[in-house]
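Hi everyone, and thanks for making time today. I'd like to walk you through a structure that may be new to you, so let's bring it up on the screen.

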Amino acid sequence: MVRTPVPAHRARVDTLLAPLRARPTETVPLLDALGRVTAHEVVSPIALPPFRNSQMDGFAVRAADVAAAPVALPIAREIPAAAGEPGELKAGTAIRIMTGAAVPAGADAVVPIEDTEVDGGTVSIMRPRAAGEYVREAGSDLATGAALLPAGQRLASRHLAALAAAGLAAVAVRTPVAVAIISTGSELVEPGEPLGPGQIPDANGVALVAALRAAGAEVVAQGRVFDESAELAVAFDRAISAGAELLLTSGGISMGDHEVVRELLEPLGAHVDVLAMQPGGPQALATYRGIPVVCFPGNPVSSQLSFELFVAPLLRELAGLPAPRRESRVLDAAVLSIPGRRQFLRGRRLDGNRVATVSGPGSHLVAALAASDVIIEIPEDSVELAAGESVETWEL
Ligand code: AMP
Ligand code: MG
């Protein structure tokens with residue numbers, strides 16, 4: 001059997017999911033936009049700061065008038081922070097000014113109050129000041145029309161503050177991708193239900209709902225179906241009615257007798273594949289009533305890993321979330337891998353940039369995966385790796 005290389009399947013998934021890149025957008029008030037993602041670049045309609053203002057409580061002066069300091073200047077008047085037009089500074093005088101107040105025309109420096117001595121109507125300035133000192137020029141943070149935020153920015157409080165400072169009350173954001181996840185398997189029961197003979201809890205439903213949310217998607221439907229293709233079709237139809245733009249399945253795509261996902265989707269032209277990877281060999285892609293379907297194998301490690309490899313990167317990108325950190329680490333002990341397969345071993349980081357494998361390569365080892373903090377990615381052409389060899393890891 002010729003196995004399909006991992007990158008080829010990834011490219012096929014990217015093609016299938018490409019329409020999701022044209023996300024609908026909506027405009028929401030700033031305080032509803034926390035954690036949302038900018039739909040477009042946002043330009044500032046005003047300069048930041050919007051006008052030339054004082055960085056200190058003190059006196060607005062002409063630098064030329066204090067060049068021969070110490071000097072005493074008459075205090076012409078006061079500009080409080082909330083004042084309107086700042087007027088003009090007459091040569092040889094000082095104007096009392098508060099932080100944030102507009103600097104009067106003619107003034108080009110502010111002397112902080114603590115550097116002055118005030119005696120009645122006169123202020124003494126002890127040393128010369130450079131032109132521009134403690135004056136914040138209009139637009140010195142951002143010019144009018146300049147980019148305030150890029151497209152695809154996930155909005156935190158600091159971004160909302162910048163939008164507010166620019167006088168914007170609302171922002172255009174992407175709507176999250178609406179996804180449904182259907183677990184298949186007649187052996188599955190709801191987690192927490194008592195287990196009959198041969199039954200197991202549906203771990204993949206929980207895993208994938210949580211992983212979807214962590215990747216910034218919205219889960220609009222979750223279901224569990226027996227290995228009956230009519231039941232799966234009903235679950236898909238319900239999910240589409242609930243607004244799903246992407247359907248994910250777990251199980252039912254390998255070589256057994258009741259592979260329900262294959263039964264339903266192969267007649268509709270599904271692409272069923274076995275990949276050159278371990279775990280997670282069987283994979284399938286389809287379109288159901290115009291909606292993309294990405295099908296993962298049922299073993300819990302396989303389905304979680306498949307989601308991470310093939311679907312999570314696009315969802316994270318759309319949600320403005322960072323990719324998991326990748327780093328090279330040094331194997332703590334020798335490792336064997338399967339020739340011709342990209343192997344994804346579960347690992348734990350150790351000090352000194354080392355990494356140890358956690359349990360074996362089995363695709364059912366759900367507890368070992370929970371005990372891991374990285375995946376160790378072993379290339380297809382590596383078969384034996386010695387302790388001390390460098391391997392690529394990515395953070396879980
Ligand atoms: P399948 O891909 O349907 O052949 O399933 C492969 C293995 O994964 C079987 O041992 C299943 O019982 C198990 N499995 C399938 N679906 C799930 C699930 N949702 N949660 C936990 N284990 C599952
Ligand atoms: Mg099954």
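**Around the ligand**

Let's begin with the shell around ligand 1, which by class holds six nonpolar, nine polar and two charged residues. Please keep in mind that we are looking at a predicted model.

In total, 17 residues surround the ligand, and the closest are E187, D202, A203, G252 and G298. Let me point out a few polar contacts. On E187, a polar side-chain atom sits 2.6 Å from an oxygen atom of ligand 1. With G298 it is a polar backbone atom that lies 2.8 Å from an oxygen atom of ligand 1.

How much of the ligand's own accessible area does the protein cover? On its own, ligand 1 has 480 Å², and the protein covers 76% of that. As for the elements that give two or more residues to the shell, they are β13 (178-184), β15 (200-201) and α3 (203-214).

Now, on to the backbone. The peptide bond from A69 to P70 is cis, with omega near 5°, and P70 is in the loop between β4 (58-61) and β5 (71-79). Another cis bond runs from Q278 to P279, with omega near -5°; you'll find P279 in the loop between β19 (277-278) and β20 (282-288).

Finally, look at Y134, in the loop between β9 (122-125) and β10 (135-136). This residue is not a glycine, yet its phi is positive, at about 60°. Y134 counts as partly exposed because its relative accessibility is 26%.

Note on methods
Residues are numbered from 1 along each chain as its sequence is written. Chains are lettered from A and ligands numbered from 1 in the order in which they are written. This is a predicted model: local features need pLDDT of at least 70, side-chain atom pairs count only at pLDDT 80 or more; totals for chains, interfaces and linings use all residues. Side-chain values use heavy atoms; hydrogens and water are left out. A residue is near a molecule or strand if one of its heavy atoms lies within 4 Å of it. A polar contact is a pair of N or O atoms within 3.5 Å; within protein, one must be able to donate a hydrogen and the other to accept it, and residues adjacent in sequence count only if both atoms are side-chain atoms. Accessible areas come from the Shrake-Rupley method with a 1.4 Å probe; for residues, only the protein chains shown count as cover. Helices (H or I, at least four residues) and strands (E, at least two) are DSSP runs, numbered from the N terminus. Ala, Val, Leu, Ile, Met, Phe, Trp, Tyr, Cys and Pro count as nonpolar, Asp, Glu, Lys and Arg as charged, and the others, Gly among them, as polar. Buried means under 20% relative accessible area, exposed over 50%, partly exposed in between (1.4 Å probe, protein chains only).
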